[in-house]
Amino acid sequence: MHNLLTRMYNKRIVFIAACAGLLLFGVTLITLGAVALDLRMKFGLDGVAAGTLFSIMPIGILTGSLFFGPVSDRYGYKLLLVLSCIGLCAGFQGIAHAGSVAVLKGCIFIFGLSGGVVNGATNAVVADITVRGKGASLSLLGVSFGIGALGMPQVLGALRHHYAWNDIVSAVGWITLLMAGLYAVIRFPPPKQQQGFPLKQAGRMAGDLTLVLIGFFLFCQSSFEAIINNWTTTYLTAGDHMEESKALYALSLYVAGLTIMRLLTGSVFRTVPPRQMLVASLLLMPAGILLLQVSNGFVLSAAGLILLGAGLAGGFPIMLGFVGEKYASHSGTAFSFVLVIALIGNMLVNYMMGLVVQHYGVQHLTTVALAEWLVMLTLCSTIVRRIK
């Protein structure tokens with residue numbers, strides 16, 4: 001029976017389709033920030049109103065991450081991915097053409113919700129179709145996210161001289177509609193839960209200490225990525241240490257470091273045990289933090305950010321690989337469980353970082369980063385021991 005189900009879909013085609021979906025999620029995450037100034041000018045928004053727009057998207061992503069797992073375990077991936085790509089298209093068109101702030105807010109929520117579903121479902125389906133080396137396959141999948149996140153600002157920058165920003169965003173939206181058509185014709189793995197919703201299983205997961213620890217490792221991982229993404233340019237430009245353009249370039253090198261390390265993990269280092277890759281990744285992070293701390297120029301800051309990107313590359317793919325192995329029959333629900341914890345960390349610690357910056361100064365970015373790294377190191381050693 002299992003061999004018959006396997007013949008029904010092509011693993012390579014499903015993997016490529018998942019990569020295309022996660023690339024779109026990378027584009028989704030970066031788009032709102034890339035056009036924030038244009039939206040502020042169009043609607044006459046002040047800083048607080050613009051900040052409200054930014055807070056809507058994570059709530060949407062969290063909602064999408066919460067329900068994609070049980071739904072995909074019960075009904076499979078196809079319908080979810082088709083509907084979420086249609087939702088992304090609606091979100092892109094809304095950001096490009098909304099006539100009022102209320103409509104814009106609704107479109108941003110749909111945008112985030114659809115992106116959260118795409119992120120979770122693509123990771124879960126790759127874990128499902130990979131028999132050996134789930135972490136390595138998920139690392140390769142993560143490369144496409146980096147390409148999307150790095151590529152969208154470059155596309156906007158290159159085309160702005162020829163087209164209006166909203167026309168570019170709208171065009172990207174129509175590409176997501178093409179993706180919906182592609183997903184509609186691809187065969188995906190069948191639903192794992194033939195009857196009922198796997199809610200009872202979700203309740204049991206809350207009592208699984210290893211899964212909870214993985215969730216809190218990703219809580220730290222996600223929030224670490226958030227504070228680096230959101231506060232590094234402020235940190236580097238504080239006290240006129242660096243021009244903003246150079247700081248933004250240094251930040252793009254952080255994403256490049258993360259993407260290249262994931263590419264190496266999925267190819268050159270594919271045979272290295274995931275536990276060893278995780279330890280090696282975690283050891284790169286303090287070196288990156290130290291270089292950021294002592295740096296007063298571009299070269300050391302860029303080197304520190306590349307090391308941080310490389311160090312953070314392994315967290316999500318390897319931990320989600322552990323989850324996929326442990327909960328093969330309910331992988332979607334298990335992924336939902338840990339991704340929701342991760343996203344709560346992203347939102348909570350990012351808000352707390354804002355308070356730290358307000359009361360004590362942005363120079364404490366490296367202090368918070370070091371504290372998070374210590375917690376991640378402790379959690380990692382406990383998780384590895386329990387999985388053994």
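Quick housekeeping. This is a predicted model, where local features need pLDDT of at least 70, side-chain atom pairs count only at pLDDT 80 or more, and totals for chains, interfaces and linings use all residues. Residues are numbered from 1 along each chain as its sequence is written, and side-chain values use heavy atoms, with hydrogens and water left out.

Okay, cysteines. A disulfide means a pair of cysteine sulfur atoms within 2.5 Å, and by that rule we get 0 disulfides. For C89, the closest cysteine sulfur is in C85, 9.4 Å away, so that's too far for a bond. C220 is buried as well, with a relative accessible area of 6%. Its closest cysteine sulfur belongs to C380, at 11 Å, again too far for a bond.

Now the surface. There's a nonpolar patch made of L79, L83, I86, W174 and L177, with about 490 Å² of accessible area together. The elements giving two or more residues to the patch are α5 (78-97) and α8 (165-185). α5 gives the most, with 3 residues. Over in α8 we find L177, which is partly exposed at 35% relative accessible area.

On terms: patch residues have over 30% relative accessible area and no salt bridge (a Lys or Arg side-chain nitrogen within 4 Å of an Asp or Glu carboxyl oxygen). Nonpolar side chains (Val, Leu, Ile, Met, Phe, Trp, Tyr) are joined within 5 Å, like charges within 9 Å. Areas are Shrake-Rupley with a 1.4 Å probe, and for residues only the protein chains shown count as cover. Helices are DSSP runs of H or I, at least four residues, and strands are E, at least two, numbered from the N terminus.

Notes: Buried means under 20% relative accessible area, exposed over 50%, partly exposed in between (1.4 Å probe, protein chains only).
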